Amino acid sequence: MTLRDKLAAQRIYILLGALFITSLVVSNLIFQKFFYWYPLDVEIFGSKLFEISVGILPYPITFLITDLISEIYGKKRANDVVVTGIFASLFSLLIILVADLVPATPWSYVKDDMFKTVFGNSIIAVFASMLTYLFAQFVDIQIYHFWKRLTKGKHLWLRNNFSTWFSQFVDTFTIVTLLCSFGIIDWSNFKGLLISGFLFKVFVAACDTPLLYLGVYLFRKRFNLKVNEEIDLL
């Protein structure tokens, strides 16, 4: 690979990392709003199917990106992005803490109580999300590379879906448990939110498989990569 190609690959890697961090941080900030999507009129443990937090919308993007980075750049680079995401979450938490401590002016459009309503639980959310995110992402990367080694780089759909399904269940179960434990969500909604959240993520994972295939195809075509070949940025 030429120096020019390596620089291009590095720029793309940075862009993917930026999309990953943005999706992660935003999902932590918007999680308190819940929405409904009723493709089927089904109730699960008293809750309508797919009554879920809007924070779940950008979160699956992080798993798509780490799978793409794992496939093209390797396991180490995927883990680097995960660690960077943790620091970004901590830094965003620090900014929220400082902003919450600073008193609003009398003419401020956003008052202190409104700010606390929107961002007051972000501290708990970011803490809970970081714990689940750290565990789920590393699980995803480990399982992904296990299937990649086992299939010798073939059957991309298999490792993409199997790694994401398992890690997303771990993520959904842990985050709902923590949020219920902290009193942000009532325990009566636990089962419904757990099943709805997991099924929604499974659906998204299935939908993003063609996007992963497209991304891998474009990378291999642009950088003339063989099956199971990875880009070494160093």
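This is a predicted model: local features need pLDDT of at least 70, side-chain atom pairs count only at pLDDT 80 or more; totals for chains, interfaces and linings use all residues.
Apart from neighbours within four places in sequence, Phe-166 is in contact with Val-139 and Ile-143. Phe-166 belongs to helix α6, which spans residues 156–181. With a relative accessibility of 47%, the residue is classed as partly exposed, since exposure would require a value over 50% and burial one under 20%.

Helix packing was examined next for α2 and α3. Helix α2 comprises residues 59–72, and its axis lies 7 Å from that of α3, at a packing angle of about 150 degrees. The two helices are therefore roughly antiparallel, the threshold for this class being an angle over 145 degrees. On the α2 side, the contact involves Thr-66, Ile-69 and Ser-70; on the α3 side, it involves Lys-75, Arg-77, Ala-78, Val-81 and Val-82. Classified by residue type, this contact between α2 and α3 contains 4 nonpolar, 2 polar and 2 charged residues.

Helix α3, which covers residues 75–101, also packs against helix α4, formed by residues 112–119. The axes of α3 and α4 approach within 10 Å and cross at roughly 155 degrees. This pair, too, is therefore roughly antiparallel, and α3 passes α4 in a left-handed crossing. Helix α3 contributes Ile-96, Ala-99 and Asp-100 to the contact, and these residues meet Phe-115, Lys-116 and Phe-119 of α4. The residues of this contact comprise 4 nonpolar and 2 charged members, with no polar ones.

A disulfide is a covalent bond that joins the sulfur atoms of two cysteines. A search of the whole structure returned 0 disulfides. Two cysteines may be described by their accessibility. Cys-180 has a relative accessibility of 3% and therefore counts as buried, the limit for burial being 20%. Cys-207 has a relative accessible area of 43% and is accordingly partly exposed.

Note on methods. Residues are numbered from 1 along each chain as its sequence is written. Side-chain values use heavy atoms; hydrogens and water are left out. Axes are lines fitted to C-alpha atoms, for helices over the stretch in contact, and angles run from 0 to 180 degrees between N-to-C directions. Helices (H or I, at least four residues) and strands (E, at least two) are DSSP runs, numbered from the N terminus. Angles under 35 degrees count as roughly parallel, over 145 as roughly antiparallel, 65 to 115 as roughly perpendicular and the rest as oblique. A crossing is left-handed if the near helix is turned anticlockwise from the far one by less than a right angle, and right-handed if clockwise. Contact means heavy atoms within 4.5 Å. Ala, Val, Leu, Ile, Met, Phe, Trp, Tyr, Cys and Pro count as nonpolar, Asp, Glu, Lys and Arg as charged, and the others, Gly among them, as polar. A disulfide is a pair of cysteine sulfur atoms within 2.5 Å. Buried means under 20% relative accessible area, exposed over 50%, partly exposed in between (1.4 Å probe, protein chains only).
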